[in-house]
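Hi,

Here is the structure I promised to pass on.

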Amino acid sequence: MVNKLYAIFYKTNINSDWRYYGAFTTLDMTNDLVCHIKQRARDRAVDAKIRVFTVVEEQVRGEKNEFIKV
């Protein structure tokens with residue numbers, strides 16, 4: 001089973017570092033929030049991006065392990 005997590009990062013100016021905003025389980029909610037971030041007056045974003053993280057299960061010597069894949 002593969003679960004996805006969509007994380008939002010944004011910049012408030014071209015020269016700033018990326019800031020983490022939040023992570024969500026649906027792409028629709030994530031896209032809505034990206035639009036909201038760009039419209040907020042105090043955190044006006046000049047750029048925003050979505051990173052997808054997936055959690056995959058792997059069998060190792062009879063044990064179930066979960067790994068986060070970027």
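Below is what turned up, from the overall layout down to a few side chains.

First, keep in mind that this is a predicted model. The protein chain has 70 residues, and 24% of them are buried. There are four strands and one helix in the protein chain, and along the sequence they come in the order β-β-α-β-β. If you count contacts in the protein chain with a separation of 6 or more, 41% of them link residues 24 or more positions apart.

Now for the rings. Searching the whole structure gave two aromatic pairs. One of them joins tyrosine 10 and tyrosine 21: the ring centres are 6.0 Å apart and the planes meet at 75°, which is over the 60 degrees needed, so this pair counts as edge-to-face. Tyrosine 10 belongs to strand 1 (residues 2-11) and tyrosine 21 to strand 2 (residues 19-24), so the pair ties together parts that are eleven residues apart in sequence.

Tyrosine 21, with a relative accessible area of 27%, is partly exposed.

One last thing to look up in the viewer is tryptophan 18: lysine 49 lies over the face of its ring, 4.4 Å from the ring centre.

Cheers

Technical notes. Residues numbered from 1 in each chain as written. Predicted model: local features only at pLDDT ≥ 70, side-chain atom pairs only at ≥ 80, totals over all residues. Heavy atoms only, no water. Helix = DSSP H or I, 4+ residues; strand = E, 2+ residues; numbered from the N terminus. Buried < 20%, exposed > 50% of the residue type's maximum accessible area, 1.4 Å probe, protein only. Contact = heavy atoms within 4.5 Å. Phe/Tyr/Trp six-rings, centres within 6.5 Å; stacked < 30°, edge-to-face > 60°. Lys NZ or Arg CZ within 6 Å of the ring centre and 35° of its normal.
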